[in-house]
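Here are my notes on the structure, as numbered points. Please read them with the model open beside you.

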Amino acid sequence: MTQPRPCGCKGCRTCLICETQYGADKYKIQLEFDKTKSYVYCPFCNKAWPGWDADIYKQHPNHNGTPIEYPGVYIQLDFITEEEENVLMKNIDEVPWDISQSGRRKQNYGPKTNFKKMKINAGSFDGFPAFSKFLQDRRSLLVFYGEPRYHWEHCVLREDISSRRVCIAYREFTPPYMQNGCHEEAGNLIRQAKTFWDHKVKYQIQT
Ligand SMILES: [Zn+2]
Ligand SMILES: [Zn+2]
């Protein structure tokens, strides 16, 4: 049996902390990829080019090989400025992080969702921190739609992470939870989703 570890990892999930400090190295899932069959997406020309190194897109427009179409993924580079990033990260780090069973730290603001049972608990949902409002006002950095969103598998390779990685994910409600959907919680959810609260007041942060 794989024991829960102080980093938060459970089961077959591992991170660098429990692999090196809590003997979880033996649980690590070894993914084997055929690097000769991989493609790298270029957000400038919206095509995927043969190769493995994630930096390949920086060669644009001087790519090598024959590209493939890559519908269903959209990336907008630099959609927030460096200054906006710094302010956002400072605010995010003022809010307490929760550990999760994937070994990643999390901050969850949406309604509690049980993906396995496909159920949603709207009760505790009270909106989003005010410092994130401008993100919802501006567009997305990476959008999955169509095939990649619903049928493809995806993962972030550890070798591609060179420094702290923070992912801010927004999920949309499915039609039953939208206006006139069959779930009566919908009205409440949508009202709450338009609420933005001051994280310093909510978490009693002294500055
Ligand atoms: Zn871990
Ligand atoms: Zn390109």
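1. Leu31 is exposed, with a relative accessible area of 52% (buried means under 20%, exposed over 50%, partly exposed in between, with a 1.4 Å probe and protein chains only). Leu31 sits in the loop between helix H1 (16–21) and E1; helices (H or I, at least four residues) and strands (E, at least two) are DSSP runs, numbered from the N terminus. Together with Ile29 and Phe33, Leu31 forms a nonpolar surface patch of about 310 Å² accessible area. Such patches are made of residues with over 30% relative accessible area and no salt bridge, nonpolar side chains (Val, Leu, Ile, Met, Phe, Trp, Tyr) being joined within 5 Å and like charges within 9 Å. Areas come from the Shrake-Rupley method with a 1.4 Å probe; for residues, only the protein chains shown count as cover.

2. This is a predicted model, in which local features need pLDDT of at least 70 and side-chain atom pairs count only at pLDDT 80 or more, while totals for chains, interfaces and linings use all residues. Residues are numbered from 1 along each chain as its sequence is written, chains are lettered from A and ligands numbered from 1 in the order in which they are written, and side-chain values use heavy atoms, with hydrogens and water left out.

3. Which residues hold the zinc ion (ligand 2) as protein donors? They are Cys42 (SG), Cys45 (SG), His60 (ND1) and His63 (NE2), at 2.1 to 2.3 Å (donors are N, O and S atoms within 2.8 Å of the metal, or 3.2 Å for Na, K and Ca; water is not among the atoms, so sites may look incomplete). Cys45 lies in the loop between strand E1 (39–42) and strand E2 (47–50), and His63 in the loop between E2 and strand E3 (68–69), 18 residues apart. Cys45 is partly exposed at 25%, whereas His63 is buried at 13%.

4. E1 and E2 run antiparallel and are joined by four bridges (strands pair if DSSP finds at least two bridges between them). Cys42 has Lys47 in E2 as its bridge partner. In the hairpin of E1 and E2, with four residues between the strands, Asn46 takes a positive phi near 60°.

5. Lys47 also forms a salt bridge with Glu69, the closest N and O atoms being 2.7 Å apart (a side-chain nitrogen of Lys or Arg within 4 Å of a carboxyl oxygen of Asp or Glu). Lys47 is in strand E2 and Glu69 in strand E3, so the pair ties together parts 22 residues apart in sequence.
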